Amino acid sequence: MVTGKLGTWSGTYMVSSLFCRITEKHTGRASCALWPLRFEAQKSPMPPYHIRKYQDSDHKSVVDLFSRGIKEHIPTTFRYMLMLPRILLLLLGVPLTLLLVSGSWIVVLLSSLILFASLWLLAKHTWDKYLVACLHTDMADITTTYLSSHDSCFWVAESRCQIVGMVAALPAADPFLQKKQLRLRHLSVSLEHRRQGIGKAMVRRVLQFAQARGFTEVVLSTSMFQYAALALYQDMGFQKTGEIYFTIISRLRKSPIIQLKYCLNSAQEGGL
């Protein structure tokens, strides 16, 4: 087998000679010039993103990404509420009662609009309240909250000079814990960059960080409405440990916060 530059030129010359013979056959004359076919090695595609530590200059982009991600849950929550039996009964019962009492379809229409608007505002209120709370606590000063300790961190995923993903890690603040737990927080990927493995890569970065810092477990809490996130966590080995209700509204609409845990034992560490 001929290799190296000589082999490359020989292959090119053979293809060029074949081209000349074909030209001579169809045109009746030989072509005097060689037309070498150039084969360029395919370049490896650049990764669509890279993960790095948060910088102060990222704050506006991170807050915008976080806010958009939170607001995406409002329509999902609204649709979920519409399917609850007691809400369906309310949406049907109130307009029907008003129709029987007033006999006016205008009153029925107005009452239905008011009910739908009230449900939308209720769904929006839950997420707006959570967003405001985050923006006035840990997200107000990310550097102080997450980058001032050896055992906490905040990462962003960057693609084409844009912040397209984020995740944070902070030790669980519970003095009664028998195990050293790291809490995964604020995982978010922009809508345009999902299904590219960014979320999984960022979760894996947290697990590797926890393992390197000697944590035994990684824990997190997420809404039941975050279907894609729940599927991702469970696919990566997180186990459900419980459900909690932070507000009376969440209890009434049966929308708990799901608690998950990942045990950093020897069997799972091999896959990180």
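Analyst: Two strands are taken as paired if DSSP finds at least two bridges between them. The model discussed here is predicted.

User: In β2, which residue is the bridge partner of Lys53?
Analyst: Strand β1 (residues 50-53) pairs with β2 in the antiparallel sense, over 4 bridges. Within β2, the residue bridged to Lys53 is Trp155.

User: In β3, which residue does Trp155 stand opposite?
Analyst: β2 also pairs with β3 in the antiparallel sense, here over 7 bridges. The β3 residue opposite Trp155 is Val167.

User: What is the phi of Arg160 in the turn between β2 and β3?
Analyst: β2 and β3 form a hairpin, with 2 residues between the strands. Arg160 sits in that turn, and its phi is positive, at about 55°.

User: How far apart are the end C-alpha atoms of helix α2?
Analyst: Helix α2 covers residues 59-71, which is 13 residues. At 1.5 Å a residue it should span 18 Å. The model agrees with that expectation, as the end C-alpha atoms are apart by 18 Å.

User: Which strands are included in what covers the buried residues of α2?
Analyst: The buried residues of α2 are Val62, Val63, Leu65, Phe66, Ser67, Gly69 and Ile70. Their cover includes the helices α3 (73-82), α5 (105-135) and α6 (142-146). It also includes the strands β2 (153-159), β3 (162-171) and β4 (181-189).

User: Which backbone oxygen does the side chain of His73 reach?
Analyst: His73 is in helix α3. Leaving aside residues up to four places away in sequence, it touches Trp127 and Gln226. Its side chain also reaches a backbone oxygen at 3.4 Å, that of Gly69.

User: Is His73 buried or exposed?
Analyst: The cut-off for buried is under 20% relative accessible area. His73 has a relative accessible area of 12%, so it counts as buried.

User: Where does Arg185 lie, and is it buried or partly exposed?
Analyst: Arg185 lies in strand β4. Not counting residues up to four places away in sequence, it touches Asp138, Tyr146, Val167, Ala168 and Leu170. Its relative accessible area is 25%, so Arg185 is partly exposed.

User: How far apart in space are Arg185 and Val203?
Analyst: In sequence, Arg185 and Val203 are 18 residues apart. In space, C-alpha to C-alpha, the distance is 10.0 Å.

User: How many disulfides does the count come to?
Analyst: The rule asks for a pair of cysteine sulfur atoms within 2.5 Å. Cys134 counts as buried at 4% relative accessibility, and Cys263 is partly exposed at 28%. Under the rule, the number of disulfides is 0.

User: What share of the residues in the chain is buried?
Analyst: The secondary structure comes to 10 helices and 7 strands. The accessible surface is about 17,400 Å², with 62% belonging to carbon and sulfur atoms. Of the 272 residues in the chain, the buried share is 38%.

How values were computed:
Residues numbered from 1 in each chain as written. Predicted model: local features only at pLDDT ≥ 70, side-chain atom pairs only at ≥ 80, totals over all residues. Heavy atoms only, no water. Expected span 1.5 Å × (residues − 1). Buried < 20%, exposed > 50% of the residue type's maximum accessible area, 1.4 Å probe, protein only. Contact = heavy atoms within 4.5 Å. Polar contact = N/O pair within 3.5 Å; in protein donor to acceptor, adjacent residues only side chain to side chain. Areas by Shrake-Rupley, 256 points an atom, 1.4 Å probe, with all protein chains shown as cover.
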